[in-house]
Amino acid sequence: MNKEMIISSSDHETRVAILEDDQVVEVFIERAAQRGVVGNIYKGRVSKVLPGMQSSFVDVGLERDAFLYVSEVVNTLEAFENLESGDDEDEAEARPASAQNGAPEAAGDAGPSAARPDRRSRDRERDRDRDKPQPKIEDLLKEGQEVLVQVVKEPLGTKGARVTSHVTMPGRFLVFMPTVDHVGVSRKIESREERSRLRGIVRQFREEHGFTGGVIIRTAAAGRSEADIVNDLSYFHQIWTEIRQKMETRRPPALLFQEQSLVTKLLRDLLTEDYSAIRLDSEPEYRRVVALVERIMPTLLPRVKHYTKEFPIFEEYGVQAEIDKALRSKVWLKSGGYLVINQTEALVAIDVNTGRYVGKRTGRLEDTIVKTNLEAVKEIVRQLRLRDLGGIIVLDLIDMEEKKNRQRVFQEVEKELRKDRSPSKALQVSDFGLVIVTRKRVKQSLERQLTEPCPYCSGSGSIKSSATICYEILSELKKIGQDLDGQGVVLRVNPDIARALKEEESPLMRELQDTLRKPITIRPDVHLHHEQFDVMAI
């Protein structure tokens, strides 16, 4: 698969697009005034402990208090061992560490043939620990207590950020976990000699510098020089020393460590040989990227290209057009079918329709439906990644009669989801074409990043019809008519309602005058909302 990274950078905003085979699949946006907080480390103060929810609120200096679960306070070693087990390591290797609750890469033994007495021993110990009663949040934290936490999920809507006490700091070749004391190696590094060499480098550095904390050696470290590994370790040692000093001297809430810039973070976590080009339109950002790539993957340096045209880079490569489409609910398929994507507070609903596609003249209806569904599945997963939709996602595919076709389409869903870096799971729940997908949500979707609720309809997408408002006026005047003193009544309404009262709802106007037994003057006012009206006696 051919990949490209398109970077548009200015003093106020940085936008990054990932292209796969010339299709935009992911977009990242960071604004100077609204930088993300995932990966940041804070010294916070517990503001409230909730025994009923086994969680607590922590004031870290953001607009809303952060949320800390009891499981994010304890079981640190178990969390490390879960990482070491190698579960979902393909996904974990690819996705940024700052976008997940844990390290960006699993670690483990070389393969099934390797002896694992230590692993089995730890598994038995962990099973015994699970049988023990778990600590309660009220026993671990008290109101006013100072805590060190890291943000693992951005504030979403009315919810505050989610935080953990299991701090994780990713580098290019290593991941540092200061709350544990263990060295793990990615099981993708199969050579015993290489695994031993890398462990030796890490252990020697720890002994020489009194460096404590857990380290996971990432797959990218295989074959790298000792200087490269030590460089990561020195960076962690320096940063963690600074964090500890700030922890001792600063009063909460305080920011102790801020995650690196968007471009640096993405290159650190995503850059592989699959990328044929990295294109940037900013000279200063280009120089920074060249220096970073030269350090972490010098073989890819010729692929870093400075875009110098006056025409915007996102327009040149079709990214802006895809962003604009991603803000609409309807998505057309090449065959003529289309998707309708509706994002709600509880879930995302995606409906598939054949639209203009009528299939082949000699074909069966079932074949037409299956082809539409297969095409829709590929586009759905691309839209999930592009729009960064998360939580519960319901796919309402077109009904298929044959079980083998339903299974074929479901397998296509699972296949496409494997391309997604964000953890997800699909479940076929009925014979009617419904598929439920759960996808980890870490930050706001593209729509919520780039848009805001309509001030006219308050985000509902609809307003009351003119006829409805006219009948509400009739009801209101009947209710207050006896209290209206004076010779007449002035009705101040939106111009659309004024037109309706004079034209299609003119019989209602006559009924109003008969009810009040007074002349009614309609006064259009462009400053009034469509649903607003005022009644005044004169």
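**Close-up views of a predicted protein model**

**View 1. Lys 518 sits in a loop between H16 and strand S23 (520-524).** Helices here are DSSP runs of H or I with at least four residues, strands are runs of E with at least two, and both are numbered from the N terminus. This is a predicted model, in which local features need pLDDT of at least 70 and side-chain atom pairs count only at pLDDT 80 or more, while totals for chains, interfaces and linings use all residues. Residues are numbered from 1 along each chain as its sequence is written, and side-chain values use heavy atoms, with hydrogens and water left out. Is Lys 518 buried or exposed? With a relative accessible area of 19%, Lys 518 is buried; buried means under 20%, exposed over 50%, and partly exposed in between, using a 1.4 Å probe and protein chains only. Leaving aside residues up to four places away in sequence, Lys 518 touches Leu 484, Asp 485, Gly 486, Gln 487, Gly 488, Val 489 and Gln 513. Such a contact means heavy atoms within 4.5 Å.

**View 2. Helices H11 (residues 365-387) and H12 (residues 403-417) have axes that come within 9 Å and cross at roughly 15 degrees.** Axes are lines fitted to C-alpha atoms, for helices over the stretch in contact, and angles between N-to-C directions run from 0 to 180 degrees. H11 and H12 are therefore roughly parallel to each other; that label covers angles under 35 degrees, with over 145 roughly antiparallel, 65 to 115 roughly perpendicular and the rest oblique. On the H11 side, look for Glu 366, Val 370, Asn 373, Leu 374, Val 377, Lys 378 and Val 381. Their partners on H12 are Asn 405, Arg 408, Val 409, Glu 412, Val 413, Glu 416 and Leu 417. By class, this contact of H11 with H12 has seven nonpolar, two polar and five charged residues. Here Ala, Val, Leu, Ile, Met, Phe, Trp, Tyr, Cys and Pro count as nonpolar, Asp, Glu, Lys and Arg as charged, and the others, Gly among them, as polar.

**View 3. Helix H14 (residues 466-480) meets H15, with axes that come within 9 Å and cross at roughly 75 degrees.** That angle makes H14 roughly perpendicular to H15. Which residues meet in H14 and H15? Ser 466, Ile 469, Cys 470 and Ile 473 belong to H14, and they meet Asp 496, Ile 497, Ala 500 and Leu 501 of H15. The contact of H14 with H15 has six nonpolar, one polar and one charged residues.

**View 4. Glu 504 occupies the loop between helix H15 (495-502) and helix H16 (506-516).** At 46% relative accessibility, Glu 504 is partly exposed.

**View 5. Asp 21 and Asp 388 have positive phi values.** Most residues other than glycine have a negative phi, and most peptide bonds are trans. Phi is near 50 degrees at Asp 21, which lies in the loop between strand S2 (13-20) and strand S3 (23-31). At Asp 388, phi is about 55 degrees; this residue is in the loop between H11 and strand S19 (391-396). Asp 21 counts as partly exposed at 48% relative accessibility, whereas Asp 388 is buried at 17%.

**View 6. A cis peptide bond runs from Pro 252 to Pro 253, with omega near -5 degrees.** Pro 253 can be found in the loop between helix H6 (226-249) and strand S13 (254-257).
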